[in-house]
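Reader: I would like to learn how to read a protein model with some care. Could we go through it feature by feature?

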Amino acid sequence: DDDDDDDDDYSGLRMIQGDLVIDIHLLDYFKDESQFPFFVQSFAVNHHASQYNGTKLVIWANQSNDRSQPSGFYEYSLPFDLHENDTIPSPILLAKTSNIVSSDNGNGFNNGSTDDYSIYKVVCGGNIILENGTSVSDPSLLLGLSNSYLTIQSSILTNNELIFRQLPVSFASPVDLSYDSITGYPILGPLTHGTTCTMAVAPHDANIITVITGWLNTVENNGEDDDGEILLLTQDSGESWTNVFGDLLNVTASVGKVRPSSLLILPVVKDIDDGKNNEDTTTDVALLVGTVSGVYVSYLSDETHSWSRLGTCADCPLVLVTGMSYEPSSDIIIVATFGRGIYTIADSSTVLRNTKNKTLNK
């Protein structure tokens, strides 16, 4: 929630649980508005937390004004039977930036301090495929994305150490509505609510992460590609990166920027009627990206990084896609658009298989 109204007593999250609306107050954990103009701290639900009758909610928070509360990952345990006047349990500090102990490339933070290190996207809990091919659940997994670093803590990947890995590029810092000091032109914050980059993690293997942005520069907003829109893929938790932007500009037929603004990663599975359900059903991994012209998909097996439109205009119109999610129980991809409502792509496993066949055979 924004802290941009006249109510200085509230800054936090609002959770809807059935007919109950619960406000989670977090004011003590965030900086003064004059120091950090956007409420960009991210949160995520840990679906891998076992044997807990409730919701494990993990947030990122900057340090408090008096520095009594450090910046880091905080976890709230919210029982399912909350009532309107119940007290929300205090959060547990899972990891703080002052405990970051290593970086694979040996580079430190740009400003030499972690005090102002802000996370724009949080993922907690996930599956990890080990070197022997075994898939294990890791409830301890924490992934955080800033505009320059990927932060990781995992009992499997990092031995419970909080480490950071520098991204190949530094994305633009979020900006409020202001004016450029040289040209006097207004500068608007991105549509992604103050964040200039976002991240998606493969549900079957947290080693596969993609980071996207359309905002390497928040001042320039033209059709020239000198800013180099980029779509980065890592398959080793950020140790190495590949730009898989490929032919996305051409296939979207964009006059200006492609504006990648949302991301989803899904395993491509075999047809359940192929009679081979006793073996691993994953045949490929699909990368889905929301653009100004709808949803497009590419596949890890395609080394040329070719993209194809997912679905038809009836499934999703040619409009800016601002968010995507997947509902595994119904096999539906949910697509949120800018000004055109929410769309669903049913039987998405079949759609991904069919699109893959068309993409790799074109």
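Author: Let us begin with burial: a residue is called buried when its relative accessible area is under 20%, exposed when over 50%, and partly exposed in between, using a 1.4 Å probe and protein chains only. This is a predicted model, in which local features need pLDDT of at least 70 and side-chain atom pairs count only at pLDDT 80 or more, while totals for chains, interfaces and linings use all residues. Residues are numbered from 1 along each chain as its sequence is written, and side-chain values use heavy atoms, with hydrogens and water left out.

Reader: Is Thr291 buried or exposed, and why?

Author: Thr291 counts as buried because its relative accessibility is 0%. Across the protein chain, buried residues make up 48% of the 362 residues.

Reader: In which strand is Thr291 found, and how are strands assigned?

Author: Helices (H or I, at least four residues) and strands (E, at least two) are DSSP runs, numbered from the N terminus. By that rule the protein chain comes to 2 helices and 24 strands, and Thr291 is found in strand S19, which covers residues 282-291.

Reader: With which residues is Thr291 in contact?

Author: Contact means heavy atoms within 4.5 Å. If we leave aside its neighbours within four places in sequence, Thr291 is in contact with Leu248, Thr252, Val258, Arg259, Tyr296, Val319, Leu320 and Val321. The side chain of Thr291 also reaches the backbone nitrogen of Ser293 at 3.0 Å. For the chain as a whole, among contacts between residues at least 6 apart in sequence, 53% join residues at least 24 apart.

Reader: How should I read a sheet, and in what order do the strands S18, S19, S20 and S21 lie?

Author: Strands of a sheet pair through backbone hydrogen bonds, either parallel or antiparallel. Two strands are taken to pair if DSSP finds at least two bridges between them. Here 4 strands form an open sheet in the order S18-S19-S20-S21, with antiparallel pairing. Its edge strands are S18 (262-269) and S21 (308-309), each of which pairs on one side only. Strand S20 (residues 294-299) is joined to S21 by 2 bridges, and Tyr296 stands opposite Arg309 in S21.

Reader: Which strands form the other open sheet, the one that includes S15 and S16?

Author: That open sheet also has 4 strands, in the order S14-S15-S16-S17, and the pairing is antiparallel. Its edge strands, S14 and S17 (242-243), each pair on one side only. Between S15 and S16 there are 5 bridges, and Ile212 stands opposite Leu231 in S16.

Reader: What is a nonpolar core, and how many residues has the largest one here?

Author: A nonpolar core is a set of buried Ala, Val, Leu, Ile, Met, Phe, Trp, Tyr and Cys residues joined through side-chain atoms within 4.5 Å. The largest one has 20 residues, and those with the most contacts inside it are Leu143, Leu150, Phe171, Met199 and Val201. The elements that give two or more residues to this core are S8 (121-129), S9 (135-145), S10 (149-153), S14 (198-201), S15 (209-213) and S16 (230-234). S9 gives the most, with 3 residues. Apart from this core lies another, of 17 residues, among them Ile212, Val244, Leu263 and Ile265.

Reader: How many bridges join S8 to S9, and how do S9 and S10 pair?

Author: S8 and S9 run antiparallel and are joined by 8 bridges, with Asn127 opposite Ser137 in S9. Their hairpin has 5 residues between the strands, and Gly133 there takes a positive phi near 90°. S9 and S10 pair in the antiparallel sense over 4 bridges, forming a hairpin with 3 residues between them. The bridge partner of Gly144 in S10 is Thr151, and Thr151 counts as buried, at 1% relative accessibility.

Methods. A polar contact is a pair of N or O atoms within 3.5 Å; within protein, one must be able to donate a hydrogen and the other to accept it, and residues adjacent in sequence count only if both atoms are side-chain atoms.
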